[in-house]
Amino acid sequence: MRTLAKILVVDDGDTQRQIISDVLTRAKYGVAQASSTAEAIEEVTQNHLDLIITDLKMEDGNGIDVLREAKRLSPETEVIVMTAYGSIESAVEAMREGAHDYITKPFDKDVLLVSVQRALEHKRLREENIELRELVETRFTLGGIVGASPKIQKLFRLVERSIPVNSTVLIQGESGTGKELVARSIHYNGPRKTNPFIAVNCAAVPENLIESELFGHEKGAFTGAIQTKKGKFELADGGTIFLDEIGDMSLDLQAKLLRVLQEMQIERVGGTELIPIDVRVIAATNKNLEQEVAKEQFREDLFFRLNVILIEIPPLRERLEDIPPLIDHFQKKLSAKFQRKYPAMDPVVVDKLMEYYWPGNVRELENTLERLLVLTDKERIEVSDLPRNVLMPQIATQQLEGMRLPEEGLSIEDVEKKLICDALARTGGHILKASKLLGMTYKTLQYRIKKYDIRL
Ligand SMILES: Nc1ncnc2c1ncn2[C@@H]1O[C@H](COP(=O)(O)OP(=O)(O)OP(=O)(O)O)[C@@H](O)[C@H]1O
Ligand SMILES: [Mg+2]
């Protein structure tokens, strides 16, 4: 059932006010009445109103004052003014002050009802829009992950769905795309957040130590094991273990890990006892594990065991819309870190940052912004402040430099190759953008890159 919209009818003519009120009551609206501007303003301050229908000329004042006061106190209240025939100026003034509509007296009841319906519909839409905008804003960030692109929105939804469950998560993405950030936000927004989040970099621990690092060891298990030590799995009990760079784990250890994941119990190195564990496993890699499986570098059964929820983080260059909100985010973060206001940025700088290839992804963007802050004392960052690699990416420029061709005798192919290299340099190797610059299709450009053997 819809809640009754509350409408205030303001008119110092008793008959007129009563007629309007009756029409509205019969149309199933909630109606209040005021017979003067003073009474109306009193009503506006006391009660929530969806709509006010007010006469303009009244004995004690002008309906415009009611309108102003209503808009000041509750801008979401809609107002319709009633004007006498021939006083269009006052109607115009009222519209300027924020009235939604005006009706000219005398009017018949259908005109009144249509205007009321429209005003309420307008209010409803506006409220919906505000809600939607708030929703969108919260969706620009989730547990510290910032981004506005459709790709990152999709990632947000996936992250949200993996938060409340206990399933294993596999995160894949190039270096610096935010794999650890995603892992942390899954843990710190979920039911295990008060328990530990333990990260292990499987590539950084020496091969002979990693087993004890993960599962712990008993005293005397090997030379140097002077006392019993708990492994990361035990330390993460009740919480989450983050197995970073899982693609670099040896096949031997992969087999042991698989068994642990299947049985949810561990055995310390040199131990005999099986210790039950309660951990959520999140693994990450910058390799494509499916390919590693195909190359027999990664166990297929372990891949399936890890790959329950797969979160792929696309490289930054494939989600350029994320760059402006990320810049904003890092400017705030860096100002706080360095206790210094982040200088304003020339819009062209932002353009340049959006054109660059970002091989080091978000981490590289963050580092670039940090360097800009540290190295400049200026009020405003300009294009010339940008590091050379961002301005002129290496990829194609080196090839350009090697092309000191004579002024004469250039073939069409030479010129075309030069133009293509130039466009690629300017777009940081972004084929789609370069193709737009050159006015050729993506496919054509791809074909020419191959033909001229241009290395990306
Ligand atoms: N979407 C994002 N919003 C805000 N910060 C981000 C985002 N993505 C990455 N970062 C920041 O970028 C940096 C690198 O992220 P992180 O360490 O999670 O990347 P990674 O994928 O684990 O990289 P690597 O493979 O090199 O270990 C961190 O400071 C992180 O906070
Ligand atoms: Mg990492």
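Domain bounds here come from an automatic or database domain assignment. With those bounds, domain 2 (142-314) and domain 3 (317-391) both give residues to the shell around ligand 1, so the ligand lies between them. The structure is a predicted model, in which local features need pLDDT of at least 70, side-chain atom pairs count only at pLDDT 80 or more, and totals for chains, interfaces and linings use all residues. Residues are numbered from 1 along each chain as its sequence is written, while chains are lettered from A and ligands numbered from 1 in the order in which they are written.

So who sits around the ligand? Ligand 1 is surrounded by 17 residues, and Val146, Gly178, Lys179, Glu180 and Val362 are the closest (a residue is near a molecule or strand if its C-beta atom, placed from the backbone, lies within 6 Å of it). Two or more residues each come from strand E9 (145-146), helix H7 (179-188), helix H13 (323-338) and helix H15 (361-375). Helices (H or I, at least four residues) and strands (E, at least two) are DSSP runs, numbered from the N terminus. Sorted by class, the shell holds 5 nonpolar, 8 polar and 4 charged residues; Ala, Val, Leu, Ile, Met, Phe, Trp, Tyr, Cys and Pro count as nonpolar, Asp, Glu, Lys and Arg as charged, and the others, Gly among them, as polar.

Next come the sheets. One open sheet has 5 strands in the order E2-E1-E3-E6-E7, with parallel pairing (two strands pair if DSSP finds at least two bridges between them). Strands E2 (30-34) and E7 (101-105) are at the edges with a single partner strand each, so one side of each has no neighbour in the sheet. Inside this sheet, 4 bridges join E1 (residues 6-10) to E3 (residues 51-55), and Val9 has Ile53 in E3 as its bridge partner. Helix H1 (residues 14-26) packs on the sheet, touching E1, E2 and E3, and its direction makes about 170° with that of E2. Contact means C-beta atoms, placed from the backbone, within 7 Å; axes are lines fitted to C-alpha atoms, for helices over the stretch in contact, and angles run from 0 to 180 degrees between N-to-C directions.

Another open sheet of 5 strands, also parallel in its pairing, runs E11-E14-E17-E10-E18. Its edge strands are E11 (197-201) and E18 (309-313), each pairing on one side only.

Finally, helices H2 (residues 37-46) and H3 (residues 63-73) pack at about 10°, with axes 9 Å apart. They are therefore roughly parallel, a label for angles under 35 degrees.

Definitions and conventions. Parallel < 35°, antiparallel > 145°, perpendicular 65-115°, else oblique. Contact = placed C-beta atoms within 7 Å.
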